[in-house]
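Student: Before we discuss this model, could you show me the sequence and the structure, so that I can ask what the terms rest on?

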Amino acid sequence: MTDDEQAFGVYIHWPFCLSKCPYCDFNSHVRREPIDEGRFTRAFAAEIAATAARVPGRTVSTIFFGGGTPSLMQPSTIGGVLDAVARHWRVAPDAEITLEANPTSVEATRFRGYRTAGVNRVSLGVQALDDRVLAELGRMHSAREALDAVAVARTVFGRYSFDLIYARPNQEPKAWASELKCALAEAGEHLSLYQLTIEPDTPFAALHAAGKLRVPDEDTSRTLYDTTQEICAAHGLPAYEISNHARPGGECRHNLVYWRGHEYAGIGPGAHGRLNHGRLNIGRLDSDGERHATATEKRPEAWLSQVEQQGHGLVSDDVLTREERSDEFLLMGLRLAEGIDIDRYAKLSGRPLDPARIAMLHEHGLVETTGEGRLRVTLPGFPVLDAVVADLAA
Ligand SMILES: C[S@@+](CC[C@H](N)C(=O)[O-])C[C@H]1O[C@@H](n2cnc3c(N)ncnc32)[C@H](O)[C@@H]1O
Ligand code: SF4
């Protein structure tokens, strides 16, 4: 992996789904009425213009349509948004343009249209390869349908990935191992494997609180995690991030923009951005400029009205303090197997990481330092990553 410090990503949020999955707390909404995509396209274009006026002259290296379910958008809507990005910034000829898709047969019929519009990578939410589990997860597709969508993605796009959720209720390590091996047989260069999180205020949280949904205990979760690492590494897709696996060179470049602390624009309802203002600061965290954390209005219709009236949907735009910047750099960078550049952290925060703390974590086998001056979390360290970060940032 090369760390391109000039990397600049554009994230576009599509906030609608056909139904709400009971575990999910993403900013996604179900609407009875058809969505006015023309109106959304114009609003996306306006917000892109407003963002480009703040950070002009960038070369876009990655674009990511996330959701919600962006595979509900018409290919012409995707094309309209990509045109707007290209009108306001230069788009690199090898830009990675990803779209998140639900793996249903209806959505797969739109894949060629997305390819023609410029999308060159898809990420499919397969979630599980067991129909009973898919029903429990509230999914609207079977395992067969999902794998058929993966097959269409393989022929239409150069690059594809899919997501699975594990550490699900009653999941046994043995059953997960065989499910994962089936998934790897269908995988391309990239897989995202998320441990189920019980998110507050979701139907799963209510079931969990009522004792009707039992998630694996700590030991079983740990076994599930270890099994995942072993099997994926043996298949040539080691973890390059705590939940993401790829063949070398197949990493999601857009997500690397976040984890490496580069610059990105957040467009659409409830999108977050990090914009670097000031001199000589394109994509660099350790420059003299300011780094702004931006967030837009989450409610889709309120976002639309705000953009139509004000030209942008921003509800917050804060200059990060030195401490916030360096904490974020640590938090995001240590999720990566490559870890962080220790000197870059010191420049950012104005003080080096405490060698005594590093030594202590090293003694426990949780972190290691490399000859190139990097600090990284070890495989046994990843399950306790939050504690490691908290210790180093203290
Ligand atoms: C925005 S969603 C994916 C896009 C698409 N709407 C779909 O569901 O196929 C991103 C991914 O986050 C994961 N995810 C969502 N909620 C989760 C939770 N509570 N625990 C673990 N993974 C979750 C799922 O794997 C999902 O595919
Ligand atoms: S998991 Fe995907 S389809 Fe389900 S509600 Fe969340 S964003 Fe929508």
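Tutor: Let us begin with what pairing requires: two strands pair if DSSP finds at least two bridges between them, where strands (E, at least two residues) and helices (H or I, at least four residues) are DSSP runs, numbered from the N terminus. This is a predicted model, in which local features need pLDDT of at least 70 and side-chain atom pairs count only at pLDDT 80 or more, while totals for chains, interfaces and linings use all residues. Residues are numbered from 1 along each chain as its sequence is written, chains are lettered from A and ligands numbered from 1 in the order in which they are written, and side-chain values use heavy atoms, with hydrogens and water left out.

Student: What is the order of the strands in the open sheet of three, and why are β13 and β14 said to stand at its edges?

Tutor: The order is β13-β15-β14, and the pairing is antiparallel. β13 (340-341) and β14 (367-369) each have a single partner strand, so one side of each lacks a neighbour in the sheet. Helix α14 (residues 355-363) packs on this sheet and touches β14 and β15 (contact means heavy atoms within 4.5 Å). The direction of α14 makes about 120° with that of β14, where axes are lines fitted to C-alpha atoms, for helices over the stretch in contact, and angles run from 0 to 180 degrees between N-to-C directions.

Student: How do you know that β15 pairs with β13 and with β14?

Tutor: β13 and β15 (residues 374-377) are joined by two bridges in the antiparallel sense, which meets the requirement of at least two. Within this pair, Ile 340 has Leu 375 of β15 as its bridge partner. Between β14 and β15, which run antiparallel, there are three bridges, and Glu 368 stands opposite Arg 376 in β15. The hairpin of β14 and β15 has four residues between the strands, and Gly 373 takes a positive phi near 80° there.

Student: Which residues of β15 lie on its covered face, and which on the uncovered one?

Tutor: Leu 375 and Val 377 belong to the covered face, whereas Arg 374 and Arg 376 belong to the uncovered one. In a regular strand the side chains alternate between the two faces of the sheet.

Student: What makes the buried residues of α13 a face of the helix?

Tutor: In α13 (residues 342-349), the buried residues are Arg 344, Tyr 345, Leu 348 and Ser 349, where buried means under 20% relative accessible area, exposed over 50%, and partly exposed in between (1.4 Å probe, protein chains only). Seen down the axis of α13, these buried residues fall within an arc of 115°, so they line one face of the helix; the arc is that of the directions from the helix axis to the C-beta atoms. Asp 343 and Lys 347, on the other side of α13, are exposed, and what covers the buried residues includes α12 (322-333) and β13.

Student: Why is β5 called largely enclosed?

Tutor: Eight of the eight residues of β5 are buried, so the rest of the structure largely encloses this strand. Arg 159, Ser 161, Asp 163 and Ile 165 point one way from β5, while Tyr 160, Phe 162, Leu 164 and Tyr 166 point the other way, and all are buried. β5 runs parallel to β4 (residues 121-127), to which five bridges join it, and Gln 127 has Leu 164 as its bridge partner in β5. With β6 (residues 190-195), β5 pairs in the parallel sense over six bridges, and the partner of Ser 161 in β6 is His 190.

Student: Why is Ser 243 called buried, and Glu 172 exposed?

Tutor: Ser 243, in the loop between β7 (239-241) and β8 (244-246), has a relative accessible area of 15%, which is under 20%, so Ser 243 counts as buried. Not counting residues up to four places away in sequence, Ser 243 touches Leu 191, Ser 192, Leu 193 and Tyr 194. Glu 172, in the loop between β5 (159-166) and α7 (173-186), has a relative accessible area of 52%, which is over 50%, so Glu 172 counts as exposed.
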